[in-house]
Structure formats: structure tokens, C-alpha cells
Amino acid sequence: TLITSQGYRGEDFTYNWTTDDFGFKNLNSLLEGASVDFIALGDSFTEGMGNSISNTWPSKVQKLNSFKIYNAGVQGYAATQMQGAYDLLKTKVTHDGIIIGALPTIYPREQKFVLDDLSIAQQGVGGIASIIATNKKPSFLVGFLRYIIVNVLPRDVSDNEANKYKFLPDKLKNDSNWKRYVFALTKLSEEVLSEGKRVVLIQFPFRSEVYFDAEELGLSDIHQTRYYVELEALKSAM
């Protein structure tokens, strides 16, 4: 199927790509004649939204070593959907393990799959949501500049800013969507491990946590970023 992204996102954005026979972002040649080492599960970061097939991170990793990685990432996916993607592919794609691509703050997506609350608008999240809202939201450049002005330009850092995620671990423990998120990741991992296969879970940081250091982010220590705080909470929960 030919996939086309809506809205203008700059000259370096890949707007069209063609799925493989299973509907994911790979060349069919990946599956010809041999099995793969890993199935990569995740959202738009794993799918490679805005990238050509050759420029997704699973493809980049394959170019650096001998691993063959099947990309099963889909824009806006929650952990529950990653589990669903694996259920779809586990008997179709011969593999030795999975790579789960997680991102901070994706756990609220689990709310979309609470069957006893169908009043929630089903318009998607992550990359899909940003496409739906293309005409309502500023461009990436405008949003990026706003982020720099608000969060990065030199200013007096208050105790509140430097500790803004201080109480997040306790909050997560009592968050129903976080519990569903951990449950989905745990169930998926246990299923794969029980079959003697490998599980690799990678948490990717936000762009800002890569571009700017702790001082520029208004933090006293880089480990106070959302990336590290959620990662530690995930390690403890799993």
C-alpha cells in the first residue's frame, strides 16, 4: 500500500512510502530467503515517520552490523498495540527476539483501549494525531523556537523547575494508564522470553533532552529529565 502523509513538513520530510506485504515499513526483500534477528515494535520513532525506509533506525542498525531487523513500528502506537502487532507477526516472520522502542509520556495512550470507556475520542495519538491537527498546530520550526524561548534561553532557574519531575515516580505508581502500560510491556516480554527468544527494551529520549544539556533545560542534573525519571520507574515496575 502507498502511504502518504498529509500537510507540509519541509523538504527533508519523506511524504510517501510503500509498505511490505504485511503492511509495515520494510522492503519485501528483507524477508526473502532468511529469517530476521529481531522484530522492532514501537511508534512513529521506530516506524521512522518522515524518513525513507532506508533511513529508519532499524535500517540504519542493519547497515552497521549483521543484524536483520523487521520494522513493525506504527505512528502513535501504544504498548497495547505493539503487543497486537507482535501477535499479528509472530508466526509470519521468523525471528530470534524483539526490540521494543519506548518513549517517555506514551503511557497515557493506553486510555484509548479502556473498553469500559468508549466516550474517548478515537482520533489517534503521536504521529497520527499531529497529522490530524496539521491545520491547527504551528509548524515544527515554530514549535521548536517556542520551546527554546520558554525552556532554554538563559534565565533564573527556580527550585520548582529544577525538580519538576521529583514526584513523578510516586505519581506513576498510582496512574491507571501507567499500570496498563507496564502490564502490556511485561506481558509482551514474558511471552517472548517464554519461547526462548530475546527481548531488548530501548527508551528513546525527547529531542530536547538530546539537543540541550541540564543547565539549558533548567535542571540541576541531566538525570532529572523525563527520560531518566521514567526509565528508572519502568525498570522498577518491570
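Tyr228 is partly exposed, with a relative accessible area of 28%. In this predicted model, the ring of Tyr228 forms an aromatic pair with that of Tyr227, with 4.8 Å from centre to centre and 75° between the planes, an edge-to-face arrangement. Tyr227, by contrast, is buried, its relative accessible area being 17%; the threshold for a buried residue is under 20%.

Arg226 lies in helix H10, which spans residues 226-237. Arg226 likewise counts as buried, because its relative accessibility is 12%. The side chain of Arg226 makes a polar contact of 3.1 Å with the side chain of Tyr107. Beyond its neighbours within four places in sequence, Arg226 touches Pro104, Thr105, Tyr107, Tyr165, Leu168, Phe206 and Glu209.

Contacts across the sequence also figure in the chain as a whole: of those with a separation of 6 or more, 74% are between residues 24 or more positions apart. The chain contains 10 helices and six strands. Of its 238 residues, 42% are buried.

The aromatic pairs in the model number 10. In the pair of Phe13 and Tyr15, the ring centres are 4.8 Å apart and the planes stand at 55°, so the pair is tilted; an angle over 60 degrees would be needed for edge-to-face. Phe13 and Tyr15 are both buried. Together with Tyr8, these two residues form a cluster linked by ring pairs.

Conventions: Residues are numbered from 1 along each chain as its sequence is written. This is a predicted model: local features need pLDDT of at least 70, side-chain atom pairs count only at pLDDT 80 or more; totals for chains, interfaces and linings use all residues. Side-chain values use heavy atoms; hydrogens and water are left out. Helices (H or I, at least four residues) and strands (E, at least two) are DSSP runs, numbered from the N terminus. Buried means under 20% relative accessible area, exposed over 50%, partly exposed in between (1.4 Å probe, protein chains only). A polar contact is a pair of N or O atoms within 3.5 Å; within protein, one must be able to donate a hydrogen and the other to accept it, and residues adjacent in sequence count only if both atoms are side-chain atoms. Contact means heavy atoms within 4.5 Å. Rings of Phe, Tyr and Trp (its six-membered ring) pair if their centres lie within 6.5 Å; planes under 30 degrees apart count as stacked, over 60 as edge-to-face and the rest as tilted.
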